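Me: I would like to learn how to read a protein model feature by feature, beginning with the overall fold and ending with single residues. Could we go through one together?

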Amino acid sequence: TEAVRLREARDREGLLALAARHPHDAAVAYQCAWLHDTLGHEADAAPYYETALATPGLSDRDRLGAHTGLGSTYRVLGRYDDALAAFDRALAEYPGDPALTAFRAMALHNLGRSADAVGSLLKLLTHTSSAPAIAAYRRAIEHYADHLDETV
């Protein structure tokens, strides 16, 4: 509760002091990571996300947030291989999560694998869109998601 309050107050020094007093508290580490991300200190956020995920105690919702935050942070830092690996681990734990899938596609693009990125986004679109036009072409879109360069 104190960590959430400090994060919401954007009290970096207070949250760092709390994290120093509780270095093995996953929830405190997660809140510290989140605040660093919010403040644009991604390089400082990554170790806190890593601690949060390596330490038991996060709620399921916060664990998903920590996975998303870690992968996204790695990507923003230009650590694209680490980002992809983080998203792959996260998707093994949270299969099909749409946000993880979207962020993973960004990492794929950054790695020069744009066809894989577009294909995964097309599949995501067919599984999450309620648009009638997408539903009407679902099978075709899913097929071409895996065959983007196919011609006749």
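The dialogue below moves from the fold to the core, the charges and one backbone angle.

Me: Before I look at details, what kind of model is this, and how many helices and strands does the protein have?

Reply: This is a predicted model, and the protein has ten helices and zero strands, so that reading along the sequence gives the pattern α-α-α-α-α-α-α-α-α-α. Taken along the principal axes, the C-alpha atoms fill a box of roughly 65 × 30 × 25 Å.

Me: What share of the residues is buried, and what share of the exposed surface comes from carbon and sulfur atoms?

Reply: Of the 152 residues in the protein, 36% are buried. The protein exposes about 8,500 Å², and carbon and sulfur atoms supply 54% of that area. As for contacts with a separation of 6 or more, 43% of them join residues 24 or more positions apart.

Me: How should I read a nonpolar core, and which residues have the most contacts inside the largest one here?

Reply: The general idea is that in soluble globular proteins nonpolar side chains tend to be buried together. In this model the largest nonpolar core has 21 residues, and those with the most contacts inside it are Tyr-30, Tyr-49, Leu-58, Ala-66, Leu-70, Tyr-74 and Leu-100. At least two residues of this core come from each of helix H3 (26-38), helix H4 (42-54), helix H5 (60-76), helix H6 (80-93) and helix H7 (98-110). There is also a second, separate core of eight residues, which includes Ala-3, Leu-6, Leu-15 and Val-28.

Me: If I take Leu-70 as an example, which residues does it touch, leaving aside those up to four places away in sequence?

Reply: With those sequence neighbours left out, Leu-70 touches Ala-46, Tyr-49, Glu-50 and Leu-53.

Me: Turning to the charges, how many salt bridges are there, and how far apart are the mean positions of the positive and negative charges?

Reply: Side chains of opposite charge can pair when their charged atoms come close. The count here comes to eight salt bridges, while the mean positions of the 15 positive and 21 negative charges are 2 Å apart.

Me: Where in the chain do the partners Lys-123 and Asp-146 lie?

Reply: Lys-123 and Asp-146 meet in a salt bridge of 2.6 Å, N to O. This pair links distant parts of the chain, since Lys-123 lies in helix H8 (residues 114-128) and Asp-146 in the segment after helix H10 (138-145), 23 residues apart. Lys-123 counts as partly exposed at 30% relative accessibility, as does Asp-146 at 49%.

Me: Finally, how do I read a backbone angle, and what is the phi of Arg-10?

Reply: Most residues other than glycine have a negative phi. Arg-10 is not a glycine, yet its phi is positive, about 60°. Arg-10 is found in the loop between helix H1 (2-8) and helix H2 (12-21), and it is partly exposed, with a relative accessible area of 46%.

Key:
Residues are numbered from 1 along each chain as its sequence is written. This is a predicted model: local features need pLDDT of at least 70, side-chain atom pairs count only at pLDDT 80 or more; totals for chains, interfaces and linings use all residues. Side-chain values use heavy atoms; hydrogens and water are left out. Helices (H or I, at least four residues) and strands (E, at least two) are DSSP runs, numbered from the N terminus. Buried means under 20% relative accessible area, exposed over 50%, partly exposed in between (1.4 Å probe, protein chains only). Contact means heavy atoms within 4.5 Å. Accessible areas come from the Shrake-Rupley method with a 1.4 Å probe; for residues, only the protein chains shown count as cover. Lys and Arg count as positive and Asp and Glu as negative; His and the chain ends are not counted. The place of a charge is taken as NZ of Lys, CZ of Arg, CG of Asp or CD of Glu. A salt bridge is a side-chain nitrogen of Lys or Arg within 4 Å of a carboxyl oxygen of Asp or Glu. A nonpolar core is a set of buried Ala, Val, Leu, Ile, Met, Phe, Trp, Tyr and Cys residues joined through side-chain atoms within 4.5 Å.
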